[in-house]
Amino acid sequence: MKGLTVPWVKSRRKRSDPADAVFAWSGIRLARNLDGEAFPGNSTPDRRRAVCAAVREALAGNAVQWTYRNAESLDASEAGLLEDARLLPADFLQNPQGRAILASPRYETVILVNGDDHLRIGADLPGLALNRIYPPLDALDDELSSRLSYAFSPSLGFMTSDPAAAGCALRAGVFLHLPGIMLSCGEEKILLRTAEPLGVALSGFFGAKDEFPGNLYELSNRGGLGESESEILERVTAAARRIADEELTVREDLKRRHPERIQDFGLRSFALLKNAYLMSAAEAMNCFSGVRLALETGYLDPLPAEINWNELLLGVQAHGLALPSGEKISTEEQAYARASFLRGIFNPGERP
Amino acid sequence: MLCQICKVNPASIHIQEIVGGKKQTLHLCLSCAGKKSLAHAMFDGMDLGDILNTLEQNLAEMGLPVPGKMNDGAAEPEKKVCPVCSWRLEQFRETGRLGCPACYTSFAAELKTVLASAHRACFHTGKLPLYLPRKAMGSALDSLEKQIGAKQTEKNRIEILEHDLAESVRREEYELAAELRDRIEKIRRAVAGSPVLNPDGEKPG
């Protein structure tokens with residue numbers, strides 16, 4: 001199974017803090033535009049190509065070895081993997097003219113040129129790591145701003161094509177694994193009630209606001225005016241901790257009053273992973289959630305090999321299951337390949 | 001069901017009241033209900049026409065569609081276009097996106113509510129790009145001066161100007177540096193003399 005070693009799937013040192021298991025990964029995106037230039041959605045392919053050249057030029061002296069890829073000539077299988085890893089939005093390649101991607105050697109930082117805005121600078125790391133992700137992005141942004149002329153006004157901050165994103169033009173997100181909260185109230189309403197006053201928005205792995213496969217919830221800030229960058233990071237980190245604490249409390253409560261809910265979810269999921277012959281990505285993600293919860297609450301004995309859940313999550317996405325040649329396979333073939341792969345992992349030592 | 005008064009238009013207003021233990025319902029159309037001083041025992045002096053007119057006004061003020069009066073006079077402002085990039089306000093309404101940085105100025109009035117609802121405040125308090133572009137400097141300084149008001153804003157403005165002063169000296173743009181120095185001085189004097197920002201200070205003679 002082909003994979004992409006992006007930072008957020010790297011394995012982490014085990015920490016003593018139980019909340020650590022709840023934080024899946026964190027990411028920051030900075031949006032920037034060039035002064036005096038129409039936004040990509042209102043521009044021509046030639047102007048967009050000029051912007052790509054300008055950005056490439058601006059990074060020429062940078063310490064990092066940037067790889068420049070033109071979206072028009074991007075390898076289909078690599079594009080698919082970048083999409084799975086959430087480094088590339090799904091519609092980026094639908095209009096590839098005048099779009100490009102610049103990436104550091106191991107995708108620590110990825111810059112998209114001419115998506116919604118001229119530049120989108122992004123980085124991810126596993127766990128709760130916003131304060132570690134930001135400084136290098138900040139430094140890169142400073143360097144770019146001294147070589148390019150950003151569209152900026154002292155009152156409106158960094159001007160983005162979406163006015164709701166202007167100001168700091170920073171989107172900080174933390175993915176949390178919240179199976180306890182899901183099991184205990186079955187709906188996301190409790191989360192929404194908690195998230196709203198904390199000033200954070202919730203979205204699922206695929207970006208929807210109402211579907212949360214794998215019980216993965218992304219907490220992110222809304223807006224960027226009236227707050228400094230550090231205030232935003234502070235706020236999202238605090239909200240993530242608050243909700244992680246809630247999750248752990250709920251798990252304790254479930255163990256005391258309704259352990260059978262954990263056992264059912266966990267053992268049923270485990271059985272599916274060991275035995276299914278066809279499985280969709282969303283179903284696989286939900287099963288991972290059940291098994292993780294059971295392992296973390298002690299209702300399932302530790303598996304022979306430690307599982308890197310982020311890596312597994314990425315591995316079962318659509319493009320990770322393409323043939324090595326990059327040829328696409330049908331949904332049913334994917335479902336079969338995924339299930340075979342998972343049977344291999346969850347039935348160690350047996351022939352699949 | 002038809003309006004009980006004119007018996008011509010369909011009734012869209014249904015008023016129910018319990019009178020003497022019995023439920024009475026009156027079915028009216030918009031125009032009959034709007035006619036002033038309906039002399040009907042049920043209204044007991046209440047002028048339904050007035051109530052409905054006020055409601056219409058409140059809806060219009062809140063920007064909500066007024067039933068029966070949609071699209072009147074709303075057509076013209078929506079035809080706005082950004083002179084710099086030709087993006088139409090209509091396009092912003094459809095896509096939620098602007099066409100170029102100048103659109104923020106071209107559609108400033110329309111963006112006010114959008115910005116207020118999407119953000120925690122209406123002005124930027126985050127980082128600055130390492131160096132503001134030279135041509136933006138003039139208008140930026142003008143707008144900064146207009147914002148002398150909130151203490152918090154003030155602290156940031158001086159910081160911005162001092163930062164740029166240092167940068168312009170570094171780049172040997174001494175004319176710009178002198179201009180910046182003058183503006184900083186002006187703001188400092190204004191703050192010192194302001195009864196709002198410096199209530200206990202000595203007023204300059």
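I'll start with how to read the model, then go through the contact between the chains, the salt bridges, a hairpin and a helix.

So, some housekeeping. This is a predicted model, where local features need pLDDT of at least 70 and side-chain atom pairs count only at pLDDT 80 or more, while totals for chains, interfaces and linings use all residues; side-chain values use heavy atoms, with hydrogens and water left out. Residues are numbered from 1 along each chain as its sequence is written, and chains are lettered from A and ligands numbered from 1 in the order in which they are written.

Okay, chain B. Along the sequence, the pattern in chain B is β-β-α-α-α-α-α-α-α-α. Chain B has 205 residues, and 33% of them count as buried. By buried I mean under 20% relative accessible area; exposed is over 50%, and partly exposed is in between, with a 1.4 Å probe and protein chains only.

Now, where do the two chains touch? A contact here is heavy atoms within 4.5 Å, and this one takes 46 residues from chain A and 34 residues from chain B. The size of an interface is often given as the accessible area lost when the parts come together. For chains A and B, the buried area is about 3100 Å², with carbon and sulfur atoms giving 60% of that. That area is what the two parts lose on being put together, with a 1.4 Å probe, summed over both. On the chain B side, B:Tyr104, B:Arg120 and B:Lys127 lose the most area to chain A, together 23% of what that side buries.

How many salt bridges are there between chain B and chain A? The count is five, and over all chains the structure holds 25. The rule is a side-chain nitrogen of Lys or Arg within 4 Å of a carboxyl oxygen of Asp or Glu.

Let's look at two that cross. In one, A:Asp116 meets B:Arg97 at 3.0 Å, N to O. This pair runs from the loop between β4 and β5 (119-126) of chain A to the loop between α3 (89-95) and α4 (103-106) of chain B. Both ends are partly exposed: A:Asp116 has a relative accessible area of 44%, and B:Arg97 has 26%.

The other one joins B:Lys127 and A:Asp141, at 2.7 Å, N to O. Here B:Lys127 counts as buried at 13% relative accessibility, and A:Asp141 is buried too, at 1%.

There's also a salt bridge within chain A, between A:Glu252 and A:Lys255, where the closest N and O atoms are 3.7 Å apart. Both residues lie in helix α6 of chain A, three residues apart, about one turn of the helix. A:Glu252 is partly exposed at 43% relative accessible area, and A:Lys255 is partly exposed at 29%. Elsewhere, shared partners link A:Arg32, A:Asp138, A:Asp141, A:Asp142 and B:Lys127 into one salt-bridge network.

On to the strands of chain A. Strand β3 (residues 100-103) is covered on both faces, with A:Ala100 and A:Leu102 buried on one side and A:Ile101 and A:Ala103 buried on the other. Strands count as paired if DSSP finds at least two bridges between them. β3(A) pairs with β2 (residues 67-70) in the antiparallel sense over four bridges, and A:Thr67 has A:Ala103 as its bridge partner. β3(A) also pairs with β4 (residues 110-113), again antiparallel over four bridges, with A:Ile101 opposite A:Leu112. β3(A) and β4(A) make a hairpin with six residues between them, and A:Tyr107 in the turn has a positive phi of about 60°.

Last stop, helix α7 (residues 259-275) of chain A. Which of its residues are buried? They are A:Ile262, A:Phe265, A:Gly266, A:Ser269, A:Phe270 and A:Leu273. They sit on the same side of α7(A) because they cover an arc of only 120° around the axis, taking directions from the helix axis to the C-beta atoms. On the other side, A:Arg268 and A:Asn275 are exposed. The cover over the buried residues includes α4 (179-185), α6 (229-257), α8 (281-296) and α10 (331-346) of chain A.

Conventions: Helix = DSSP H or I, 4+ residues; strand = E, 2+ residues; numbered from the N terminus.
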